[in-house]
Amino acid sequence: MILNPSRAVVILATAGAVCLPLGILFYQSVLSGPFFNADSHFTLAAFWFVLSDPEFWVALRNSLLVATGMLVVALPLGALLALLVARTDIPGRGVLEPLILVPIIVSPVVLALGYVVAAGPVGFYTVWSKQLFGVAPWNIYSPIAIAVIGGLSHVPYVFLYVSTALKGVGSDVEEAARTTGAGPLRVALDINLPLVAPALMFSAVLVFFAGVEMFGLALVLGNSNNFSMLAVYLYKLTTRLGVPAYHLMATVAVLIVLLTFPLVMLQRHYLKVADKFVTVRGKAARQRPLTLGAWRYPALILALAWLAVTVVVPISGITLRAFVTYWGPNVNLFDVLTLDQFRFVFSEPVLVRGIRNSVLIGVVGGGLAVACYAAIAFAAHRRNDEWTHFMDYLILVPRAIPGLLAGLAFLWVFLFISPLAPLRATLFSIWLAYTVVWLPYGARLVSSSLVQVGKELEEAAVSIGATRRRAMFDVTLPLIRVGLLTSWLLVFLMFEREYSTGVYLLTSGTEVIGALLVTLSETGSMNQVAALAVINLVLIGIGVITAFRFGVRLHG
């Protein structure tokens with residue numbers, strides 16, 4: 001099939017942006033040294049070195065164990081909260097739903113740092129617990145704590161997909177079970193659970209995948225006892241050897257991609273199955289909540305307890321730390337309150353530049369990214385040829401590349417391709433990496449708006465002489481402008497919470513808050529870290545409020 005020029009450009013540009021970084025990773029992994037060294041030659045020595053390194057296998061084992069632990073915590077709790085909020089008469093359903101999704105929009109590294117200053121050995125809640133009860137019965141630096149905290153913070157992902165599936169189940173199916181005497185628990189197990197099984201499986205793969213690629217939480221909470229996971233192993237490989245071992249870093253990156261890509265394909269399978277199951281519903285569109293009776297308030301307490309541990313503790317901890325000079329036992333909170341941390345942040349050119357760059361990346365970069373996602377979505381819109389199927393798989397590829405690896409790959413892209421080298425120290429490098437990393441989500445956001453426009457509207461324009469391109473720009477595009485605005489606001493939130501992709505691209509002029517949080521936390525500069533984290537939360541909060549004012553709902 002002959003491609004029209006504009007569609008060909010979009011497909012080639014997307015393929016280049018996605019495949020080039022991945023190709024350089026694979027290329028570097030089979031060299032004996034950095035790709036820019038003339039004496040580097042092809043070899044598999046790097047694979048033999050990594051696969052014979054005991055620390056790699058320890059990191060792999062830890063990643064799999066943490067991922068499994070996260071799954072055990074997140075899947076049942078997320079499914080239960082989804083059932084309670086979406087299908088029962090639990091008090092405050094309308095307020096609970098957006099609150100449960102808060103961890104999705106807050107940067108994982110902010111949550112991790114929040115737990116350190118809130119529940120660490122001298123954290124606020126640790127000190128207060130010891131003062132009140134004489135003991136603080138937790139240790140957030142243990143592997144079990146990392147798995148539990150990771151699982152709790154991924155409950156919203158399970159909640160999101162399962163609650164969406166539950167909303168597609170008609171009440172008449174449940175009412176038929178009630179007429180036979182089945183109680184709420186029996187209805188949930190025998191009716192709701194089988195119908196949302198595909199959504200549960202998709203969520204399970206997603207949570208397990210997140211555990212395998214975990215970086216921020218493992219780096220912050222596992223650093224004190226040298227608890228390593230795959231992404232942390234890669235991050236520390238340079239400092240461990242003393243020199244940038246590009247070939248070894250690339251090898252680890254390739255091994256991680258080989259591990260994660262099958263999970264992405266499994267996700268795709270379950271997502272397709274879940275979409276089919278959403279149409280399985282009763283004849284009645286109206287839904288009547290299941291009556292919990294005496295269990296209404298215990299259910300509410302469960303939801304509030306999760307919110308307290310997962311949201312209130314870390315966010316309040318990092319916020320308090322930003323407003324005190326120091327903290328420890330026998331310190332009166334009101335005696336150490338200060339704004340000095342924020343004064344310091346706004347007096348440091350590097351940190352100010354990081355804040356400004358983050359705003360630019362989110363506002364301007366988010367808009368440009370949505371324009372790219374729209375072009376990609378239009379290239380596949382209303383078509384069912386081999387190129388559409390190719391694009392369908394192509395936009396999934398970045399999902400298999402964790403942000404840390406994507407940043408590393410794009411660093412090498414700018415070093416490997418000479419014409420791009422001048423762009424290495426500009427915000428374009430950060431923007432490009434962010435845009436590709438979030439491509440699977442951004443393209444789907446725009447596609448969701450496109451499918452809501454009836455095909456007959458475009459056909460009507462074509463029937464009076466308009467070209468397909470003219471029909472899209474004059475008919476379809478104006479009709480989805482609200483969807484594009486929604487996508488832009490959500491991409492803004494994605495870009496503001498991103499932290500790992502910019503770590504390797506961080507240089508003078510390309511500072512962003514997320515990458516600065518990672519690098520500053522490694523130096524122990526907790527005052528600046530806490531203040532920057534609060535500023536990051538404020539930016540995200542402004543984005544959420546703006547999104548709500550435009551009618552965006554995070555659970556939509």
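This is a predicted model: local features need pLDDT of at least 70, side-chain atom pairs count only at pLDDT 80 or more; totals for chains, interfaces and linings use all residues.

Modeller: Residues are numbered from 1 along each chain as its sequence is written, and side-chain values use heavy atoms, with hydrogens and water left out.

Colleague: How many helices and how many strands are there in the protein?

Modeller: Helices (H or I, at least four residues) and strands (E, at least two) are DSSP runs, numbered from the N terminus. On that basis the protein has zero strands, and its helices number 27.

Colleague: What percentage of the 556 residues counts as buried?

Modeller: A residue is buried under 20% relative accessible area, exposed over 50% and partly exposed in between (1.4 Å probe, protein chains only). Of the 556 residues, the buried share is 55%.

Colleague: Where in α1 does a kink lie?

Modeller: Helix α1 covers residues 5-29 and reaches 35 Å from its first C-alpha to its last, close to the 36 Å expected; the expected span is 1.5 Å times one less than the number of residues. The bend at a residue is the angle between axes fitted to the seven residues ending there and the seven starting there. In α1 a kink of about 30 degrees lies shortly before Pro 21, at Cys 19.

Colleague: Are α6 and α16 roughly parallel or roughly perpendicular to each other?

Modeller: Helix α6 (residues 108-119) and helix α16 (residues 296-322) pack at about 75 degrees, with their axes 7 Å apart. Axes are lines fitted to C-alpha atoms, for helices over the stretch in contact, and angles run from 0 to 180 degrees between N-to-C directions. Angles under 35 degrees count as roughly parallel, over 145 as roughly antiparallel, 65 to 115 as roughly perpendicular and the rest as oblique. The two helices, α6 and α16, are therefore roughly perpendicular.

Colleague: Is Ser 153 buried or exposed?

Modeller: Ser 153 lies in helix α8 (residues 143-153). Leaving aside neighbours within four places in sequence, Ser 153 is in contact (heavy atoms within 4.5 Å) with Pro 103, Leu 111 and Thr 310. Because its relative accessible area is 13%, Ser 153 is buried.

Colleague: Is Asn 330 buried or exposed?

Modeller: Asn 330 is found in the loop between α16 and α17 (340-345), and has a positive phi of about 65 degrees although it is not a glycine. With a relative accessible area of 76%, Asn 330 is exposed.
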